[in-house]
Amino acid sequence: MTYRNPPTTPRKSATFDDYTLSEIRRAAATGIYDIRGAGAKRKLPHFDDLLFLGASISRYPLEGYRERCDTSVVLGSRHAKKPIELKIPITIAGMSFGSLSGPAKEALGRGATLSGTSTTTGDGGMTEEERGHSKQLVYQYLPSRYGMNLRDLRRADAIEVVVGQGAKPGGGGMLLGQKISDRVAEMRTLPKGIDQRSASRHPDWTGPDDLEIKILELREITDWEKPIYVKVGGARPYYDTALAVKAGADVVVVDGMQGGTAATQEVFIENVGQPTLACIRPAVQALQDLGMHRKVQLIVSGGIRNGADVAKALALGVDAVSIGTAALVALGDNDPRWEAEYNELGTTSGAYDDWHEGKDPAGITTQDPELMKRVDPIAAGRRLANYLKVMTLEAQTIARACGKNSLHNLEPEDLVALTIEAAAMAGVPLAGTNWIPGKNTF
Amino acid sequence: MPATSKATRESHARVFDLDVQSLRELNQALHQLTAGSNETAWEVLNPKGNHSVAVGVDQPVSIDVRGSVGYYCGGMNSGSAITVHGSAGPGVGENMMAGSITVKGDASQYAGATGKGGLLVIEGNASSRCGISMKGIDIVVHGNIGHMSAFMAQSGNLVVLGDAGDALGDSIYEARLFVRGKVDSLGADCIAKEMRPEHLELLQGLLDRAGVTDVKPSEFKRYGSARTLYNFNIDNADAY
């Protein structure tokens, strides 16, 4: 009997993992970078890394089903004659008509209105579907200015000057030819079927001093009635927040890298910008340093999924959160009921992110007239409202347990972190210690 | 330039003196105009570089601004006829929808940015990025324009009686550019194009509307999109 050496178990590289190898092969075969929708998919420090302490001997709770826990929030009270009053601190983020179908935009409006919150236009102008079905509609003022016009500006309830978004701070919008239908092309003044790449910078202002003048113009055009938001991607949250306040913003929106996009290069989504959790405390700190916390409201978005995330964001000092990806899932995005069709597209439900291709089996990220029929705006709007209601109840459950009669009374002191990273980012102690990395010694 | 105009006052124009009244009062009064109002003539005195003079006006009134203005004069204009008897700061007539704006002097950067309609006439020179991202507006510049003008211009016409700076029409879509003088350089995907009879006719109409009488359409060259970057192709990556 001959001796055989013990076999070596085949070992795959952690650096060159299967996904990385497939990307190298795909790039070599196609000669183009990968474009996809959604936000960062890599694992990041997030709200899951925080825990609430709840009540104890020194803190007493409120009765879960009896004592009131306020959820309302007013946005834009700094300068606007007509601030936005929301029943819940969860808004619907900007998503364009063009990237989304008309019925999907209508469903977002319906769901938000049922819930007493606002929805937001996107890089494609305002449609009748969303204006007609949104009691409170935020009109985005974007570098592209597609569809921007005086009438829509005046019938908006607030204006959001978009400087950047979390999925791609420093990048412009992208809408590929498959989705530039006649209607989308007309709204954007573009030829049908082209690959549309929006500008990444505003055409008529640069820097914070110009922004102040631009905001003045928007206020003058709308007679100082409407709240003016400034939205930034999670790049330099402390300075961006401070500069937005200095420029005269009523509301600052900070979007972390988990925030979704309709279409951007994968390399951009995964490698530019900061996680949502890392953006909150610097933004709050900027407001506090300027004496503007709670005077200029802060909205944070990017990976908000449930009431715990809402409560944690609010505890860190945020006034409201915004959801995009989660709202689309509530409408029916990535629903396993279309699994066979996802498989035909070479993917699976839960992973489908080729939103730019316009073939969405769920009928949401498409301009295909047949596919978009799959979204019933009334039923989908109802699902969104249900989901928003559940998130709100969940956040209230936590707030009451922490003894708070308003979601906005939650505070950093209610939180601990499970990891050193999250403790440093959120500025709360590592669980079981009083250590806040960067603030005190262990 | 005189700060007051006796002749206009005698014509019963509604006069706003920004030395005495606020910008807010001016714009509010202009926004309160309703269709059919008899207050069709307005005069703004002492603008002194104020920003956002006469923005968002949606009635067909005439507004004479006696002096120079700051940023965004006539922004989102939707029907009024504004004359700036001086020079204009950045973004004059930005996102104009309809109506007209005439600047007797020079205009700073981004004149007519993203404009959707109407006519913008600059009787002097315009700085860089004139007509950036234009979406249907017509712009006529008597003098020269600066670099990166008509960047990403989508639709409308830009007419330049003088010269154009570097990178004219970079990443242009379907806007038409007519330049009488020299062009320092063309931007990505912008090329010289044949001036066909319909273009000469279009240009004559634009010159007529802008009150230009001593220049012939045949003196201009036409520039527009080569349309090679409309759909992404990796072999064109060097063009960006």
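Tutor: Begin with a count: chain B has three helices and eleven strands. Helices (H or I, at least four residues) and strands (E, at least two) are DSSP runs, numbered from the N terminus. This is a predicted model, in which local features need pLDDT of at least 70, side-chain atom pairs count only at pLDDT 80 or more, and totals for chains, interfaces and linings use all residues. Residues are numbered from 1 along each chain as its sequence is written, while chains are lettered from A and ligands numbered from 1 in the order in which they are written.

Student: In what order do the elements of chain B run from the N terminus on?

Tutor: The elements of chain B follow the order α-β-α-β-β-β-β-β-β-β-β-β-α-β.

Student: What radius of gyration does chain B have, and what would a compact globule have?

Tutor: The radius of gyration is taken over C-alpha atoms, and the globule rule is 2.2 Å times the number of residues to the power 0.38. For 240 residues that rule gives a value near 18 Å, and chain B has 18 Å, which agrees. Along the principal axes, the C-alpha atoms of chain B fill a box of roughly 60 × 35 × 30 Å.

Student: How do the strands of chain B form a sheet?

Tutor: Two strands pair if DSSP finds at least two bridges between them. In chain B, eleven strands form an open sheet with mixed pairing, in the order S1-S2-S3-S4-S5-S6-S7-S8-S9-S11-S10. Strand S1 (14-17) and strand S10 (190-193) of chain B are the edge strands, and each pairs on one side only. Within the sheet, strand S8 (residues 155-160) and strand S9 (residues 176-179) of chain B run parallel and are joined by four bridges. Asn157(B) stands opposite Arg176(B) in S9(B).

Student: Which sheet does chain A have, and how are its strands paired?

Tutor: Chain A has an open sheet of eight strands with parallel pairing, in the order S5-S15-S14-S12-S11-S8-S7-S6. Strand S5 (90-92) and strand S6 (119-120) of chain A each have a single partner strand, so one side of each is left without a neighbour in the sheet. S5(A) pairs with strand S15 (residues 320-323) of chain A over three bridges, in the parallel sense. Thr91(A) has Ser322(A) as its bridge partner in S15(A).

Student: What span should helix H6 of chain A have?

Tutor: The expected span of a helix is 1.5 Å times one less than its number of residues. For the 15 residues of helix H6 (residues 207-221) of chain A this gives 21 Å, and its end C-alpha atoms are 21 Å apart, which agrees. Just after H6(A), Asp223(A) takes a positive phi of about 55 degrees.

Student: Which residues of H6(A) are buried?

Tutor: A residue is buried if 20 or more other C-beta atoms lie within 10 Å of its own, exposed if 12 or fewer, and partly exposed in between, with C-beta atoms placed from the backbone. The buried residues of H6(A) include Leu211(A), Ile213(A) and Leu218(A). By that rule, 54% of the 240 residues of chain B count as buried.
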